[in-house]
Amino acid sequence: MAGSWFQVGYEAVVAESARITSFRQPRRFFLKPGKTGDVVYVDDDATSFYEHSYRRNGDWHELSCSSPLKIDACCRRLGEPYYVGLYTVVDCSRYTGQDGKVYQFELKAFAAKIGSLQTLRRKRQTLVSFAYRKCCIARDTDKSPASGNDFTFGDEVKDHDKLFAITNYKGKLLKDLYDAAESDPEEFQKLSKTFQFQRDGEGRLVRRVPAFNYEVLYMPHSEEEIQRILSGEILAGGDFNKQQPGKPGTGPGPGGAAGGNTQGVDF
Ligand SMILES: [Zn+2]
């Protein structure tokens, strides 16, 4: 049974959980104009698809486009989608969020639009791999992509144990998330939607910084889900490149000087 504003039963609860979960994608790496930031790339290649950006209550969100080749519910609501390639990175920059907390070594998604993807493709031709390689990224001006436009790759990480030990995801150390996944099958199920876990020969989880599980995290929604996700929201379609940092948890706040801050940390 359902009225115009209520539902009875658990089907709607499942749908609402999916709607809330859809807002919980990994945070995206971005820089203020004129700043640099150090990251470690986790995967070699970008996972690319079409998506939309939109604002909800002042915050930016992304929604994978379910069908860039025909006009679908997402395109009708949010306009034309754009092509984006994602990488998993460890953001080594240290900054204080608006919530007053200090952030560093968080696992984030690095989003590159077509221009940056071309630049990275050329870089990749000269390097054996990106995986676990350090990189200093610069954003020259406010016209440059929010995730930066200049990439200086450095050495590969030598100490994977140390990198794993310090990396966190949304405030929780990977080490603790892995412990939970190993001791609780339900937790494993939940976390395997976020991370691409690897197992060793004896079935134990390999303690190495994982890439995101793009296939699940960014899976396009059905038309019905899109209607639900966007329902009742005051929306403004837009471009994530134009988003401004400053909201807690989405990146460096006004006081946050994102920039080459890995001094003293060697891994
Ligand atoms: Zn679309």
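Which residues in α5 are buried? In α5 (174-183), they are L174, L177, Y178 and A181, where buried means 20 or more other C-beta atoms within 10 Å of the residue's own, exposed means 12 or fewer, and C-beta atoms are placed from the backbone. Because they cover an arc of only 100° around the axis, they end up on the same side of α5 (the arc is that of the directions from the helix axis to the C-beta atoms). D176 and S183 are exposed on the other side.

A quick word on what you're looking at: this is a predicted model, where local features need pLDDT of at least 70, side-chain atom pairs count only at pLDDT 80 or more, and totals for chains, interfaces and linings use all residues. Residues are numbered from 1 along each chain as its sequence is written. Helices (H or I, at least four residues) and strands (E, at least two) are DSSP runs, numbered from the N terminus.

So what covers the buried residues of α5? The cover includes α4, β10, β11 and α6.

Now for the largest nonpolar core, with its 41 residues. Such a core is a set of buried Ala, Val, Leu, Ile, Met, Phe, Trp, Tyr and Cys residues joined through C-beta atoms within 7 Å. V39, V40, V89, V90 and F110 touch the most other members. Elements that each supply at least two residues include β1, β4, α4 and α5. Apart from this core lies another, of 8 residues, among them Y54 and L230.

On to the strands: β1 and β8 pair in the antiparallel sense over 6 bridges (pairing takes at least two DSSP bridges), with V39 opposite C135 in β8. β8 also pairs with β9, antiparallel over 5 bridges, and there A138 has D150 as its bridge partner.

Definitions and conventions: Contact = placed C-beta atoms within 7 Å.
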